[in-house]
Amino acid sequence: MIDRMRDSVRDKLDPRVFAITIIVALFEFETFTFAKGVVKFAKQDAWISVLLGGLLALTGTYLLIKLGERFPQENFFQFNKKIWGKPLAFIIATAFLVYWLGYIVILYKDSSMATEFFFLRRTPTLIPMVLFAGVALWLAVYGLTSIVRFFQIFVWFLLLPLIFVSILFLSAVDLKNFFPIMSHGIMPIIKGAVYYAGALQGLEIILFLMPLIGDTKRTLKPALIGTGTVFLITFAHITGAVGILGIERVQKEVYPGVATMTIPEIPGMMGDRYEFFLTLPWIIGVFTTIALFTYLASDGFSQIFNIKYKKAIVIAVSLLVITGTFLIPNLAWVSKLRENLNFVTFSFVYILPIITLIIAAIRKKRGINE
């Protein structure tokens, strides 16, 4: 019997789901650690890098929406053949699969090491990975529509703790940690901005969600709201990490976001450690991102190689990425791979789609509206 993922272009979604989908897709484990990466390049000017990177992300969101609007009934792998031609489109799609698989491997490794460090010190790392993979596999088989609706249920469990943490961070910032401004020149700030923009893996979901939207002309505002929300929260987290810990400690900490939570105090509340507020967002962020990219990679294999047994592909992808995690020996490797991945992401999420949009405009390529 042929297993099929249960997406259908007839099962249309409200355009407002773009905001929720982007928010949940972009938040994952790195949300609590990438202050370290931005600070590595921009030092005390990390906040400027985040502002520039946020502008890049919002611009990228706008251009991705414009590209998707040209082909409202087709996803990126489908309309790419019309723009680049079949040989180049095949190479681009295959490159995306490799990129996604690499990202999932790093995400699994990141999350398993953090689980061991904070929660399950004596539990083999394979066990939480298998649990994540099993549930993510089940969700991915039901298709992108089901994943988006799952996001709609859990978005507030992700957002509300992060908003609270953001307010807590900003209330304890020491402005002295941001001076002197631009003492290292402009290039470190630009590198930090590119790193930040590249750390927002998941924006490409815009090009795959568009065919499932009922009115594609109303997607721009929700998409910008989604990216803007992620930008504001991550700005608060990175600014808070620098302003509370200082750049020297941020670079030394393994998990700067968690370390930052040990400093602020809330008058009148018993206790002074609020790391548990990050636990639920961390679990939701990791799981939803794994589920989403497991789907994208599996559906990509199905489309590119015309494989009909899609449930088997999802299982194979999950087994492949879990196996791949054991090829990464330690945290130092994870950090280096993550840093390189962020710069690679910038090419896949921003540069390549923008070039595709330019070529589509020059060649006057458009899809067929219903």
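**Salt bridges, pair by pair**

So, Arg 16 is exposed, at 58% relative accessible area; by exposed I mean over 50%, while buried is under 20% and partly exposed is in between, with a 1.4 Å probe and protein chains only. Its partner is Asp 14, and their side chains form a salt bridge with N to O at 3.0 Å. Asp 14 is partly exposed, at 31%.

Quick background: this is a predicted model, where local features need pLDDT of at least 70 and side-chain atom pairs count only at pLDDT 80 or more, while totals for chains, interfaces and linings use all residues. Residues are numbered from 1 along each chain as its sequence is written, and side-chain values use heavy atoms, leaving out hydrogens and water.

A salt bridge here is a side-chain nitrogen of Lys or Arg within 4 Å of a carboxyl oxygen of Asp or Glu. The structure has 8 of them.

Next up, Lys 40 and Glu 339, which meet at 2.7 Å, N to O. Lys 40 sits in helix H2 (residues 35-42) and Glu 339 in helix H15 (residues 331-363), so this pair ties together parts 299 residues apart in sequence. Helices are DSSP runs of H or I, at least four residues, numbered from the N terminus. Lys 40 is partly exposed at 39%, whereas Glu 339 is buried at 12%.

Then there's Lys 66 with Glu 69, closest N and O atoms 3.5 Å apart. Both are in helix H3 (residues 46-70), 3 residues apart, so about one helical turn separates them. Glu 69 is buried at 10%.

Last one: Glu 28, Asp 110 and Arg 338 are linked in a salt-bridge network.

Note on methods: Helix = DSSP H or I, 4+ residues; strand = E, 2+ residues; numbered from the N terminus.
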